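Good morning, colleagues. Please keep the display in view as I speak.

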Amino acid sequence: MHNTIQIQFKDFGAVIFDMDGTMINNMNYHKKAWMEFAKRHGQHFSEEEFKEKFSGKKNNQIFQMIFNKELSVEEIVSYTEEKEGIYRELYAPDIKEVPGLLSTIKVLQSFHKELAIATTAPKKNRDFCLEALHLTDSFSVILGDEHVEKGKPDPEIYIETSKRLGIIPERCLVFEDSPPGVESGKNAHMKVVGIMTTHSEEDLKAADYCVRDFTEVVFQ
């Protein structure tokens, strides 16, 4: 059983959330969608391959691994629409917050902390999540797949989010669920809390803290 972690409000000015696996526990649905997508295109990969190779990656990186070739922009756009449509159809009946997320956001808002999202999820998936959780107006900055060139673990998305928030990286707290995501936040010189929805504490050992969900996080 995990104990709660205590984080001081005075130590940060902004909180940045990854989305998939962090705000919503949806990675199993993405896995199912990727497997269905691959099956439709005559490809196959195991669950272990999904976890090891695809977690935290941008869609175009995953498509190139599936098809083992460089793809045109048009092909990537088309394949993204197809795969993400499968995902939303599968997840729509079951979508819900990772426990404690909504109350955590309310606490942070009450202390006037800047909130942002830095995710590889495309816009339709971001809208799908935020509308389902009634969080459409909760974040001052939202960056996704189309806003950066390099995927996690490169720090680009977190550095850019920090710039848009107007808060230095050292004053940003990140919530992430994947090893590449944790690395991305740490590479940007931010404090990172690993959420163990899809990976173990050992997998997320580069994080400053590890918790099962947001109910184990106490702000003071």
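Helices (H or I, at least four residues) and strands (E, at least two) are DSSP runs, numbered from the N terminus. The model is predicted, with local features needing pLDDT of at least 70 and side-chain atom pairs counting only at pLDDT 80 or more, while totals for chains, interfaces and linings use all residues. Residues are numbered from 1 along each chain as its sequence is written, and side-chain values use heavy atoms, with hydrogens and water left out.

Let me begin with the sheet. Two strands are taken to pair if DSSP finds at least two bridges between them. In which order do the 6 strands of the open sheet stand? The order is β4-β3-β2-β5-β6-β7, and the pairing is parallel. The edges are held by β4 (141–143) and β7 (209–211), each with a single partner strand, so one side of each has no neighbour in the sheet. On average, and with direction ignored, neighbouring strands are turned by 20 degrees against each other. Axes here are lines fitted to C-alpha atoms, for helices over the stretch in contact, and angles run from 0 to 180 degrees between N-to-C directions.

Within this sheet, β2 (residues 14–17) pairs with β5 (residues 172–176) in the parallel sense over 4 bridges, and V15 has L173 as its bridge partner in β5. β2 also pairs with β3 in the parallel sense, over 4 bridges; there, A14 has E114 as its partner. β3 in turn is joined to β4 by 3 bridges, and these two strands run parallel. A116 stands opposite V141 in β4.

For burial, I use relative accessible area: buried means under 20%, exposed over 50%, and partly exposed in between (1.4 Å probe, protein chains only). Why is β3 described as largely enclosed by the rest of the structure? The reason is that 4 of the 5 residues of β3 are buried. Helix α5 (residues 101–110) lies across β2 and β3 (114–118), and runs at about 155 degrees to β2.

I turn now to helix α3 (residues 59–67). Its buried residues are N59, I62, F63, I66 and F67. Seen down the axis of α3, they fall within an arc of 120 degrees, so they line one face of the helix; the arc is that of the directions from the helix axis to the C-beta atoms. In general, an α-helix has 3.6 residues a turn, so residues three or four places apart point the same way. The buried residues of α3 pack against α1 (27–40), α2 (47–54) and α4 (73–91), where contact means heavy atoms within 4.5 Å.

Some backbone details deserve attention. N68 lies in the loop between α3 and α4, and its phi is near 55 degrees, a positive value in a residue other than glycine. Is N68 buried or exposed? At 70% relative accessibility, N68 counts as exposed. H134, in the loop between α6 and β4, has a positive phi of about 60 degrees although it is not a glycine. H134 counts as exposed, at 71% relative accessibility. The peptide bond from K152 to P153 is cis, with omega near 20 degrees, and P153 is placed in the loop between β4 and α7 (156–165).

On a 1 Å grid over the protein atoms alone, a cavity is a set of points where a 1.4 Å probe fits but cannot get out, and a pocket is an open set with protein on both sides within 12 Å along at least five of seven lines; lining residues have an atom within 4 Å of a point. Grid points are joined across faces, edges and corners, and a volume is the space filled by probe spheres set on the points.

The largest pocket has a volume of about 420 Å³. Of the 18 residues that line it, the closest to its centre are I76, V77, T80, D145 and E146. The elements giving two or more residues to this lining are α3, α4 and α6 (123–132), and α4 gives the most, with 7 residues.

How many cavities of 30 Å³ or more are there? The count comes to 2.
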